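Work through the exercises below with the sequence and the structure side by side, and try each task before reading its solution.

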Amino acid sequence: MHTPVTIIGAGLGGLTLARLLHLRSIPATVYEAESSPSARAQGGLLDIHDYNGQLALKAAGLMDEFHAIVLEGRQALRILDRDGTALLDQADDGTGGRPEVQRGDLRQVLLDSLPADTVRWGHKAIRIRALREGRHEVTFAGGGTVVTSLLVGADGAWSRVRPLLSTATPEYIGHSVIETYLLEADTRHPAAAKAVGGGMLIAPTPGRAIFAHREKNHTLHTYAGIAEPQDWFAAIDFADAAAATTRIAQKFDGWAPELTALITDTDLPPVLRPLHALPAGHRWDRIPGVTLLGDAAHLAAPNGEGANLAMLDGAQLGETLAAHPDDIETALTEYEQAMFLRSAETVTDEMPAIDSAHNTAQGLIDWFTEKGQ
């Protein structure tokens, strides 16, 4: 295959695709809006699953590099009631299939596996138009353009590539999360650190939930989920960190203080993350010369699968392109049919929704038990 591949977006999925193409000597360029790999923080912990994300890393020949960045002990899980009672306290015995890594570290592993000129930083796609014979022209902020015969949208929830294939747009799912960080938690926030334990904490109740991870350097990274319309969050002044965390904590009134401290004692300003999703089972008719992967294709409510699916999408797209070097459309059809099925199955296997009556500590344990996890 000699047709260069143009990838929009240097997230985990786009970089995995670029890595697979590099291994098979298929030319590819990744265009990324961020100005550099360190332009912004890359998020928190990711559990990389042995049935999808790790399969992608094996295909990319990066398992040794992956094992080198795994944070030991982080597969431990504590599920607490709102009063702080632990209904589940499961240690990490080293046999689990979902080791945890920092997203930024994993992204750097993928970047380091590519030739230095693969990613073009500071290239924000602002307009894409279809030309003849399956070609597309991408225009970047600043005026540069590129014409390609094979375009892949790996550009996330608000993809600029998606409208070429689908009229679907992400919709607010009815709840948001607020991110907070407790630094040097074992010495500065010992009660909260004890509640979280060595890995992940989940404290759910209908309409609200607290998720927290123990990251590197004794950092606790918390996501406080609240089921409210976007107007409710818009009324909060997040520029006033103390006032914002106080208002958010009011939604957890009566909860154990070691849990609410994960919100009120944040050492960094709280960050609001409204959550959106594409319609379940999102798919499109085959359009020559273009496809999507990851959140651009199947954005869903957070379920622990997003990054894993994006990497598996990238790996499988790379493999199908290499398997059909003289028939791009056959490769894209084969890839999309498998991806549509995989993403639909994941949506039907999600945890109880935050506003569900089953979103309780015992309900979550029952769900894990039912799934054999």
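A residue counts as buried when its relative accessible area is under 20%. The model used here is a predicted one.

**Exercise 1.** Find which residues of helix α8 (residues 241-250) are buried, and work out how they are arranged around the helix.

Solution. Step one is to apply the cut-off along the helix, which gives Ala-244, Thr-245, Ile-248 and Ala-249 as the buried residues of α8. Step two is to look down the axis of α8, where these buried residues fall within an arc of 130°, so they line one face of the helix. Step three is to ask what covers the buried residues of α8, and the answer includes the strands β12 (171-182) and β15 (220-226) together with the helices α7 (230-234) and α9 (257-264).

**Exercise 2.** Identify the residues that touch the most other members of the largest nonpolar core, and follow the contacts of Leu-106.

Solution. The largest nonpolar core holds 59 residues, and Val-5, Ile-7 and Leu-106 touch the most other members. Setting aside neighbours within four places in sequence, Leu-106 is in contact with Leu-12, Leu-46, Ile-48, Leu-57, Ile-69, Val-101 and Met-311.

**Exercise 3.** Describe the lining of the second largest pocket.

Solution. This pocket, with a volume of about 190 Å³, is lined by 13 residues, of which Arg-40, Ala-41, Gln-42, Gly-43 and Gly-104 lie nearest its centre. Helix α4 (residues 103-112) gives the most to the lining, with 6 residues. Sorted by type, the lining residues are 4 nonpolar, 5 polar and 4 charged.

Methods. Residues numbered from 1 in each chain as written. Predicted model: local features only at pLDDT ≥ 70, side-chain atom pairs only at ≥ 80, totals over all residues. Heavy atoms only, no water. 1 Å grid on protein atoms, 1.4 Å probe; cavity = no way out; pocket = protein on both sides within 12 Å on 5 of 7 lines; lining within 4 Å. Points joined across faces, edges and corners; volume = space filled by probe spheres on them. Helix = DSSP H or I, 4+ residues; strand = E, 2+ residues; numbered from the N terminus. Nonpolar A, V, L, I, M, F, W, Y, C, P; charged D, E, K, R; others polar. Buried < 20%, exposed > 50% of the residue type's maximum accessible area, 1.4 Å probe, protein only. Arc of directions from axis to C-beta. Contact = heavy atoms within 4.5 Å. Core = buried A, V, L, I, M, F, W, Y, C linked by side-chain atoms within 4.5 Å.
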